[in-house]
Amino acid sequence: MKVTICDDSIEDLRKIEKLLQKYIDLNNSAHFEITKYSDPGKLTQDISNRQFADIYILDMIMSNQTGIDIGRQLRKTGCQNPIIYITLSDDYALDAYHIHAVRYLLKPLNETDLFEAMDYAISCGEVKNSPVYLIKTKDGLISAPYSKIEYIENVSRTLDVHLTDGRNIRSIFIRKSFDNEISELLQDRCFIQAHKSYIINLNCVKQLTLASVIMESGKQIPVSKTRAASVKKAYLAFIAEQYR
């Protein structure tokens, strides 16, 4: 992942970079390259050449150009990646809203605000890049990004979809078999059917035991005897792949 900072104040540029380095140190899962620009013209040139970052942290008021100008350029080129604005004034808040910025932070910047903004920006990127699973509910179709699904349980011919943020989505009565309903997810290497009534996201497994898997939420999912060997094999292969 690439994070770009643009601020024409060298001092502020260094402060933001220092805070990002601390964010990386505190988050084992945060791995990204930091690119700095003190010249907004150089950044706009790179954007024109379609050299995009995954997340942008932009000063709002700079010489010759504003962060809004850069944001508009990004959106015109089709780049919808998260933008975090940092500024001394809240005069441009409405403009930032029209750019669909994820956060608008005031200087002097504190780590709590920036860290929360980074968490949200990263989650936006994950959702955007993740395929989605469509669930038919009484309120209509609801899409759940694969990356946000912890596990799905078959409950009396309905799908109980448990998300990583603690929410549940309950489907309407399913006419097809559970196996047919989850066949799409099973094409993704992150998912495996642990039991006739459960499919789990291997990214969310905390512990594997002889007869169950314990998810990050603490939920204990049963593993059927007929699937125990394949679940163990898939889980160990998945873990090994993460540490290559």
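Visitor: Where is the place of Ile174?
Guide: Ile174 falls in a loop. Bear in mind that this is a predicted model, where local features need pLDDT of at least 70 and side-chain atom pairs count only at pLDDT 80 or more, while totals for chains, interfaces and linings use all residues. Residues are numbered from 1 along each chain as its sequence is written, and side-chain values use heavy atoms, leaving out hydrogens and water. With helices (H or I, at least four residues) and strands (E, at least two) taken as DSSP runs numbered from the N terminus, the loop holding Ile174 is the one between β10 and α6.

Visitor: Is Ile174 buried or exposed?
Guide: The cut-offs are under 20% relative accessible area for buried, over 50% for exposed and partly exposed in between (1.4 Å probe, protein chains only). Ile174 has a relative accessible area of 5%, so it counts as buried.

Visitor: What volume does the second largest pocket have?
Guide: A pocket is an open set of points on a 1 Å grid over the protein atoms alone, where a 1.4 Å probe fits, with protein on both sides within 12 Å along at least five of seven lines. Points are joined across faces, edges and corners, and the volume is the space filled by probe spheres set on them. For the second largest pocket that comes to about 370 Å³.

Visitor: Which residues lining the second largest pocket are the closest to its centre?
Guide: Lining residues have an atom within 4 Å of a point. This pocket has 16 of them, and the closest to the centre are Leu134, Lys136, Ile174, Lys176 and Glu181.

Visitor: Which element gives the most to the lining of the second largest pocket?
Guide: β6 (132–137) and α6 (178–182) each bring at least two residues to this lining. The top contributor, with four residues, is β6.

Visitor: How many residues of that lining of the second largest pocket are charged?
Guide: Ala, Val, Leu, Ile, Met, Phe, Trp, Tyr, Cys and Pro count as nonpolar, Asp, Glu, Lys and Arg as charged, and the others, Gly among them, as polar. The lining has eight nonpolar residues and three polar ones, and the charged ones number five.

Visitor: How many salt bridges does a search of the whole structure find?
Guide: The test is a side-chain nitrogen of Lys or Arg within 4 Å of a carboxyl oxygen of Asp or Glu. For the whole structure, the number of salt bridges is 10.

Visitor: How far apart are the closest N and O atoms of Lys36 and Glu17?
Guide: Lys36 is partly exposed, at 42% relative accessible area. Lys36 and Glu17 form a salt bridge, with their closest N and O atoms at 3.0 Å.

Visitor: What separates Lys42 and Asp46 in helix α2?
Guide: Their side chains meet in a salt bridge at 3.2 Å, N to O. Lys42 is partly exposed at 39%, whereas Asp46 is buried at 7%. Because the two are four residues apart in helix α2 (residues 40–48), what separates them is about one helical turn.

Visitor: Which residues are linked in a network of salt bridges?
Guide: One of them, Lys107, is also joined to Pro108 by a cis peptide bond, with omega about 0°. The linked residues are Asp7, Asp12, Asp59 and Lys107.

Visitor: What is the phi of Asn64 near?
Guide: Asn64 lies in the loop between β3 (55–59) and α3 (67–76) and is exposed, with a relative accessible area of 83%. Its phi is positive although the residue is not glycine, near 75°.
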